[in-house]
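Please read the following note with the model open beside you.

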Amino acid sequence: STKPLVRFAVRHALRLMTRDSASIDALLSNHVNSLKRLLFPKLLRTLPLPNQCAAVEACAFILDRAPKLIPIADQNLLAFLSELLKMISIADGEFSDSNFGSVVLID
């Protein structure tokens, strides 16, 4: 969700329902493909800022609480993290990337 309160409520509910990462893995293991479709649908930089925040928070939560759910070697995750690092570096003015061309990162 793009709403911070909804994201907080979902994280809180998942924490209450599952006390360790194994149970979160078990709870979400049947839905890995759906999670990937929601987290990695297209380029992160083309999403509106609230959606970017939601994707990053969801990815961070899943990697923190259920690290075996989406392995670090997953191509979608690696592409997501690579793009996120590029966006951060460009925003910091460290380098420019011609692939980002006309995309406005910060309004």
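1. A residue is called buried when its relative accessible area is under 20%, exposed when that area is over 50%, and partly exposed in between, with a 1.4 Å probe and protein chains only. By this rule, buried residues make up 31% of the 107 residues in the chain. The model is a predicted one, in which local features need pLDDT of at least 70 and side-chain atom pairs count only at pLDDT 80 or more, while totals for chains, interfaces and linings use all residues. Residues are numbered from 1 along each chain as its sequence is written, and side-chain values use heavy atoms, with hydrogens and water left out.

2. The chain has five helices and zero strands, and its pattern along the sequence reads α-α-α-α-α. Helices (H or I, at least four residues) and strands (E, at least two) are DSSP runs, numbered from the N terminus. The accessible surface comes to about 7100 Å², and 60% of it belongs to carbon and sulfur atoms; such areas come from the Shrake-Rupley method with a 1.4 Å probe, and for residues only the protein chains shown count as cover.

3. A contact means heavy atoms within 4.5 Å. Among the contacts in the chain with a separation of 6 or more, 60% are between residues 24 or more positions apart.

4. Helix α4 has 17 residues and reaches 24 Å from its first C-alpha to its last, close to the 24 Å expected at 1.5 Å a residue, where the expected span is 1.5 Å times one less than the number of residues. Its buried residues are Gln 52, Ala 54, Ala 55, Cys 59, Phe 61, Ile 62 and Arg 65. Cys 59 counts as buried because its relative accessibility is 4%. Leaving aside neighbours within four places in sequence, Cys 59 is in contact with Leu 39, Phe 40, Leu 77 and Phe 80; the C-alpha atoms of Cys 59 and Phe 40, which are 19 residues apart along the chain, are separated by 9.5 Å.

5. How much space lies in the largest pocket? The largest pocket holds about 530 Å³, and 20 residues line it, of which Ser 1, Arg 7, Leu 39, Ala 54 and Ala 58 are the closest to its centre. Two or more lining residues come from each of α1 (4-17), α3 and α4 (49-65), and α4 gives the most, with seven. On a 1 Å grid over the protein atoms alone, a pocket is an open set of points where a 1.4 Å probe fits, with protein on both sides within 12 Å along at least five of seven lines, and lining residues have an atom within 4 Å of a point.

6. Arg 7, placed in helix α1, counts as buried because its relative accessibility is 10%. Apart from neighbours within four places in sequence, Arg 7 is in contact with Ser 1, Thr 2, Pro 50, Cys 53, Ala 54 and Glu 57.

7. Is Lys 36 buried or exposed? Lys 36, in helix α3 (residues 32-39), counts as buried because its relative accessibility is 18%. Leu 27, in helix α2 (residues 21-28), counts as partly exposed because its value is 33%. Beyond neighbours within four places in sequence, Leu 27 is in contact with Leu 14, Met 17 and Thr 18.

How values were computed
Points joined across faces, edges and corners; volume = space filled by probe spheres on them.
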